Number of protein chains: 6
Amino acid sequence: MSHPQRPSGRAFDQLRDVSIERGFTCHAEGSVLVSFGATRVICTASVEERVPPFLKGKGQGWVTAEYGMLPRSTHTRTDREAAKGKQSGRTQEIQRLIGRSLRSIIDLKALGERQIQIDCDVIQADGGTRTASITGAWVALRDAIDGLLANGKLVADPLRDQVAAVSVGVWEGVPLLDLDYAEDSACETDMNLVMTGSGGFVEIQGTAEGMPFSGAELDAMLALGRVGIARLTELQRTALEKAKA
Amino acid sequence: MSHPQRPSGRAFDQLRDVSIERGFTCHAEGSVLVSFGATRVICTASVEERVPPFLKGKGQGWVTAEYGMLPRSTHTRTDREAAKGKQSGRTQEIQRLIGRSLRSIIDLKALGERQIQIDCDVIQADGGTRTASITGAWVALRDAIDGLLANGKLVADPLRDQVAAVSVGVWEGVPLLDLDYAEDSACETDMNLVMTGSGGFVEIQGTAEGMPFSGAELDAMLALGRVGIARLTELQRTALEKAKA
Amino acid sequence: MSHPQRPSGRAFDQLRDVSIERGFTCHAEGSVLVSFGATRVICTASVEERVPPFLKGKGQGWVTAEYGMLPRSTHTRTDREAAKGKQSGRTQEIQRLIGRSLRSIIDLKALGERQIQIDCDVIQADGGTRTASITGAWVALRDAIDGLLANGKLVADPLRDQVAAVSVGVWEGVPLLDLDYAEDSACETDMNLVMTGSGGFVEIQGTAEGMPFSGAELDAMLALGRVGIARLTELQRTALEKAKA
Amino acid sequence: MSHPQRPSGRAFDQLRDVSIERGFTCHAEGSVLVSFGATRVICTASVEERVPPFLKGKGQGWVTAEYGMLPRSTHTRTDREAAKGKQSGRTQEIQRLIGRSLRSIIDLKALGERQIQIDCDVIQADGGTRTASITGAWVALRDAIDGLLANGKLVADPLRDQVAAVSVGVWEGVPLLDLDYAEDSACETDMNLVMTGSGGFVEIQGTAEGMPFSGAELDAMLALGRVGIARLTELQRTALEKAKA
Amino acid sequence: MSHPQRPSGRAFDQLRDVSIERGFTCHAEGSVLVSFGATRVICTASVEERVPPFLKGKGQGWVTAEYGMLPRSTHTRTDREAAKGKQSGRTQEIQRLIGRSLRSIIDLKALGERQIQIDCDVIQADGGTRTASITGAWVALRDAIDGLLANGKLVADPLRDQVAAVSVGVWEGVPLLDLDYAEDSACETDMNLVMTGSGGFVEIQGTAEGMPFSGAELDAMLALGRVGIARLTELQRTALEKAKA
Amino acid sequence: MSHPQRPSGRAFDQLRDVSIERGFTCHAEGSVLVSFGATRVICTASVEERVPPFLKGKGQGWVTAEYGMLPRSTHTRTDREAAKGKQSGRTQEIQRLIGRSLRSIIDLKALGERQIQIDCDVIQADGGTRTASITGAWVALRDAIDGLLANGKLVADPLRDQVAAVSVGVWEGVPLLDLDYAEDSACETDMNLVMTGSGGFVEIQGTAEGMPFSGAELDAMLALGRVGIARLTELQRTALEKAKA
């Protein structure tokens with residue numbers, strides 16, 4: 001069966017151009033500029049030698065995340081959350097997702113009583129900001145952990161696996177990988193997959209924007225997502241082999 | 001293979017006792033007390049003859065939801081969000097989920113320029129408050145719509161289908177249906193499914209609390225979820241056949 | 001002199017049907033559903049083994065209260081305070097009143113260094129939510145204290161008396177007991193009385209909504225209030241004699 | 001029977017020195033510095049040619065009030081509410097009381113579609129700030145209304161009566177008039193009375209701080225309050241006869 | 001060259017009538033009512049035997065300031081910041097300026113581990129509220145420090161100098177000293193100078209409201225400012241020689 | 001006279017390496033990445049075809065600015081203002097300064113009834129973030145205005161001049177140009193100058209961090225600032241001659 005070309009002109013199972021630039025800013029223990037096509041996110045990992053109150057004295061560490069968008073990262077300007085005095089429900093949902101995703105592949109006991117704070121700040125948005133954030137944040141986390149190993153604060157590596165994320169959707173009945181903004185708006189169904197380097201599922205969040213989706217569509221999206229995650233984790237490894245910027 | 005009995009003693013594919021009591025309070029156009037075992041939620045639907053600003057003059061209606069927990073609905077007291085001055089990220093995530101779920105089965109154009117505001121307030125919590133909320137809210141919405149049809153404000157039914165929700169999880173490698181609080185805490189993986197009466201998927205939200213889950217576990221959870229949803233939508237229909245309280 | 005019948009059809013000195021259902025929810029140390037006619041309030045008492053900072057090390061306990069209304073407890077929907085990010089002046093006034101009323105009949109030194117947190121949440125409103133809250137909260141407090149006595153955390157009873165509350169008003173020159181919403185709106189004057197089981201005054205709050213009221217009207221309202229309080233404290237005792245739900 | 005002298009050394013039925021200085025600041029339509037002993041409050045009345053949204057087009061006006069304390073009006077410094085980002089429950093309770101009290105003696109229809117905003121700001125506190133506020137605010141309101149009459153915006157006087165307020169209490173079994181801070185702290189019972197120039201009751205707010213109070217004590221406090229109000233309304237009239245500062 | 005008379009009718013280098021009244025309120029360790037013409041500000045200094053968290057154990061003290069305006073200190077009423085729930089950018093800018101200015105002339109180590117909290121509350125505004133605040137606050141600070149010296153809590157004087165502030169501007173090309181509100185609105189350029197008693201600069205804040213200003217205008221404003229500061233610090237000394245109110 | 005080398009090793013009158021990269025992000029009408037050494041700020045200009053409420057129907061436009069720092073733009077992580085729910089006093093001060101600076105060189109009437117919203121977001125901080133922001137924001141504003149001229153929405157150029165900003169300070173008695181973070185911390189005095197391309201002063205903000213500064217030091221700083229501004233405005237012009245990124 002022949003299908004119309006997808007809006008972006010990419011093949012149905014093709015990621016956007018992905019780049020992962022390490023050492024993007026100088027102060028953070030891990031700092032990555034990740035691009036999924038025109039979507040660009042600064043991901044930093046900050047090591048803090050303290051844990052949140054609910055973990056005091058429990059002999060384990062913590063990884064948490066915050067997310068933000070620069071006001072003009074979007075097509076028309078979005079109000080600044082700091083000026084409005086609160087984070088939107090969407091922001092909170094995304095930063096909770098990033099935090100859970102990263103905690104799924106780290107041994108918090110092995111991390112010791114310290115916290116790694118992830119910040120994902122979108123400087124240009126074109127769909128998939130949460131999946132780019134998770135994919136980039138893992139590299140920033142890896143760099144921060146490597147720093148702790150290098151300076152002797154950690155003797156064993158607490159990271160058990162890689163983690164990356166990608167979106168999939170159904171557009172005119174066809175499953176698509178890695179939606180940009182235009183495609184995301186056109187899709188009936190939209191799913192974000194967070195998976196490990198070894199192929200385990202960490203998060204599945206699928207939403208029917210219009211009509212409900214079927215079990216067959218779900219299966220097709222999952223298959224496509226696996227392909228994307230395999231490619232993204234490979235790109236993470238390649239980025240780590242290069243010297244930092 | 002024989003398994004140990006699940007913590008609640010129920011069969012692996014058994015829902016808790018579910019009750020759906022209509023007309024629970026007197027002012028709302030739809031008012032339901034839904035119980036999934038010890039989890040009890042008041043769901044009301046309020047009809048307002050106006051739409052939010054972003055829909056003014058667009059010739060369509062809106063359905064939105066808010067969610068809350070009474071401070072002592074939980075085992076130990078939770079701080080009151082009104083006193084803290086903000087809703088938690090969890091609260092916002094849940095109320096956005098409830099709203100999206102209900103919008104998936106209503107024709108907003110057929111609803112006309114009016115808004116139906118859903119409120120789900122948990123008076124007793126024992127796991128699954130969001131799934132009980134969605135399941136009960138649909139019945140409250142149905143009652144509110146029936147009122148509009150009865151008084152002539154609507155001439156055609158904008159509801160296209162039923163919608164209900166249930167949780168599934170993996171516990172010691174075994175998939176379980178409809179987790180209570182103790183089971184939810186013990187599960188490695190936890191998934192909420194929102195599905196329609198005709199078996200379409202509206203939302204899938206699966207999270208690995210500890211170790212990632214496999215494709216096989218995902219399939220098993222989806223199968224179990226379908227069973228639960230079929231039973232819940234049947235219970236919704238049964239409730240609607242009875243006279244209100 | 002003959003008077004027109006009051007709006008509710010009750011005798012001028014007649015309370016609404018009052019019910020006090022103990023053990024309404026399962027987690028709280030005291031949990032009561034109180035109804036004054038169509039006004040229904042969930043009152044819970046939560047025992048916490050700590051005191052607020054200003055009482056640390058003072059050798060005494062504390063009782064405090066919070067109050068809320070479900071958004072659709074009212075005839076038309078009221079905005080959710082948690083979503084607005086602040087409690088109204090009315091809410092704060094009522095919860096301060098409930099707290100003071102309960103502290104008036106408890107020996108805080110005999111309570112020991114612990115706090116009992118009262119939550120009064122209105123699920124259906126038809127006037128008199130604050131008087132129903134106080135009346136029900138005392139029963140929840142009684143149950144929580146009895147639990148502390150039963151498990152040996154307290155050896156002597158810190159409760160010195162009962163406390164209950166009722167509204168009185170003047171309508172077309174005639175004093176009425178226990179106003180429902182329609183009567184409250186019609187009254188020129190409205191007074192809330194909080195009194196003990198032994199007939200002492202704890203709080204008097206009288207407000208002329210329109211024309212000021214006279215000393216004679218004040219006396220008549222006080223007399224009527226005494227009758228109502230005597231009946232309510234009797235109903236509290238009756239409720240405590242029954243087994244919990 | 002002989003009693004010990006009251007803490008302030010005043011006679012039991014004696015007000016503190018009261019002064020009412022009109023024209024205290026230059027911008028407001030009414031501006032009064034009122035002193036009840038060491039308690040000093042700036043009361044201003046601001047005329048605004050608009051009404052709040054809920055009164056638009058209803059053919060009537062509105063009177064409302066706000067209350068504040070300078071941070072160092074108190075013995076030890078109190079946090080600034082503007083810096084904390086919210087008004088306390090006590091502040092809201094007091095400003096609601098001031099607003100209701102003033103609305104009780106004005107014909108809002110005769111005021112026309114305009115609002116008079118009262119601000120009561122305590123610059124020095126020694127007990128009785130709410131009673132001084134109400135007593136001073138009425139004079140500021142009178143001046144603002146006189147301005148509207150003088151410039152022809154009003155042709156008939158909407159003020160029906162005077163209103164003033166005073167506190168009474170029971171100390172070692174003896175009723176006292178107009179409590180200063182030290183006396184207020186020592187009293188078992190504390191009551192604020194708001195009454196009109198013609199002797200009608202507008203508000204009664206009595207609270208047992210420790211032990212409940214009896215009907216006899218209530219009667220004694222009411223009698224004392226009437227004496228105080230008569231004197232205060234006389235002082236208001238005297239102040240109005242003098243030229244402004 | 002002859003110029004038109006400035007709007008206020010004063011000479012170009014003439015301050016408004018300045019008065020500095022000490023002991024204006026009774027609770028604060030320093031309390032000053034300062035007037036620059038019709039601008040009147042209550043400045044209090046509160047001594048607290050603790051330091052903010054960031055200075056704990058550092059062996060030094062702190063001076064900080066807060067600023068507010070009574071709602072009707074202005075020509076038309078300004079919304080109350082406590083009611084709006086936040087302080088404006090202007091308020092924060094001014095209170096930061098006052099704090100920095102006072103810290104510039106005090107030896108914080110010599111102050112010891114205590115904080116002096118300055119509150120500047122404008123009761124009547126006619127331009128120059130920040131300069132009047134700084135000028136008055138220094139006198140309140142001086143009185144508070146003298147109290148600490150008198151009661152032996154301090155043995156050496158931590159104040160190194162006086163500090164005062166004045167505004168200068170350019171109006172129709174002519175530099176003016178100490179602008180009132182009407183002049184401030186008419187000026188093209190507006191500058192606030194904070195200087196010490198010995199003639200050092202602490203803060204210079206100059207703003208071109210319309211057209212940029214030249215180096216020659218800057219020099220002329222600085223010269224005028226020096227004249228004003230010399231006069232204001234003399235008035236501070238005179239005020240300290242008089243007994244308190 | 002010989003001086004020790006300044007901390008950064010630069011000549012006393014030497015700017016850091018400055019780069020101005022246009023077209024840094026794709027959605028904004030003007031988008032600039034400006035670097036003053038290690039300080040990097042994204043400045044965007046967003047054109048909105050509406051004006052704020054206070055300018056409705058006044059026949060003029062508006063330019064306003066917001067400022068933020070990414071949490072890990074700083075040496076140790078700074079809390080996210082959106083998460084804390086409010087902007088600091090420092091943030092508000094800076095964004096008000098940026099807005100005033102840009103409004104000083106634009107003819108708001110010639111801009112027409114539209115608003116240009118400037119956003120300055122610091123991605124890496126090493127001193128001078130506000131001066132870099134102003135210098136970069138002017139280029140973004142220039143690009144946005146050029147867009148309006150190009151598409152015919154404007155027929156005449158409302159920009160009257162360039163504007164740029166630089167810091168100067170006194171370190172060990174020597175005036176320095178363009179302080180980095182280490183130098184800023186070491187300086188006794190710190191001044192920010194905002195000047196136009198034709199050499200007029202827009203803002204002068206000088207603060208003595210420790211000891212007050214003298215008139216001679218002020219003159220020396222002003223001379224140095226003029227040099228820096230001349231160089232920065234030249235760099236702005238050079239950047240505009242190049243094609244966008």
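Predicted model: local features only at pLDDT ≥ 70, side-chain atom pairs only at ≥ 80, totals over all residues.
Residues are numbered from 1 along each chain as its sequence is written, chains are lettered from A and ligands numbered from 1 in the order in which they are written. Local features need pLDDT of at least 70, side-chain atom pairs count only at pLDDT 80 or more, and totals for chains, interfaces and linings use all residues, while side-chain values use heavy atoms, with hydrogens and water left out.

The interface of chain C and chain B was examined in detail. Here 37 residues of chain C are in contact with 37 residues of chain B, contact being heavy atoms within 4.5 Å. The two chains bury about 2800 Å² between them, 50% of it on carbon and sulfur atoms. Buried area is the accessible area (1.4 Å probe) that two parts lose on being put together, summed over both. C:His27, C:Arg72 and C:Arg80 supply 26% of the area that chain C buries against chain B, more than any other three residues.

On the side of chain C that touches chain B, strand 3 (39–48), strand 4 (62–69), helix 1 (81–84) and strand 5 (115–124) each supply at least two residues. Strand 3 gives the largest share, 7 residues. Helices (H or I, at least four residues) and strands (E, at least two) are DSSP runs, numbered from the N terminus. By type, this side of chain C divides into 14 nonpolar, 12 polar and 11 charged residues. Ala, Val, Leu, Ile, Met, Phe, Trp, Tyr, Cys and Pro count as nonpolar, Asp, Glu, Lys and Arg as charged, and the others, Gly among them, as polar.

Chain C and chain B share 12 salt bridges. A salt bridge is a side-chain nitrogen of Lys or Arg within 4 Å of a carboxyl oxygen of Asp or Glu. Over all chains the count comes to 111. One salt bridge joins C:Arg72 and B:Glu29 (2.6 Å, N to O). C:Arg72 is buried, at 5% relative accessibility, whereas B:Glu29 is partly exposed at 31%. Buried means under 20% relative accessible area, exposed over 50%, and partly exposed in between (1.4 Å probe, protein chains only).

E:Arg72 and D:Glu29 also form a salt bridge (2.7 Å, N to O). E:Arg72 lies in the loop between strand 4 (62–69) and helix 1 (81–84) of chain E, and D:Glu29 in the loop between strand 1 (18–22) and strand 2 (30–36) of chain D, so the pair joins two chains. E:Arg72 is buried at 6%. D:Glu29 is partly exposed at 31%.

Two chain pairs lack contact. The closest C-alpha atoms of chain A and chain D lie 11 Å apart. For chain C and chain F, the nearest C-alpha atoms are also 11 Å apart.

In chain E, helix 4 (residues 129–150) has 22 residues. Of these, 17 are buried, so helix 4 is largely enclosed by the rest of the structure. Just after helix 4, E:Gly152 takes a positive phi of about 80°.

Methods
Expected span 1.5 Å × (residues − 1).
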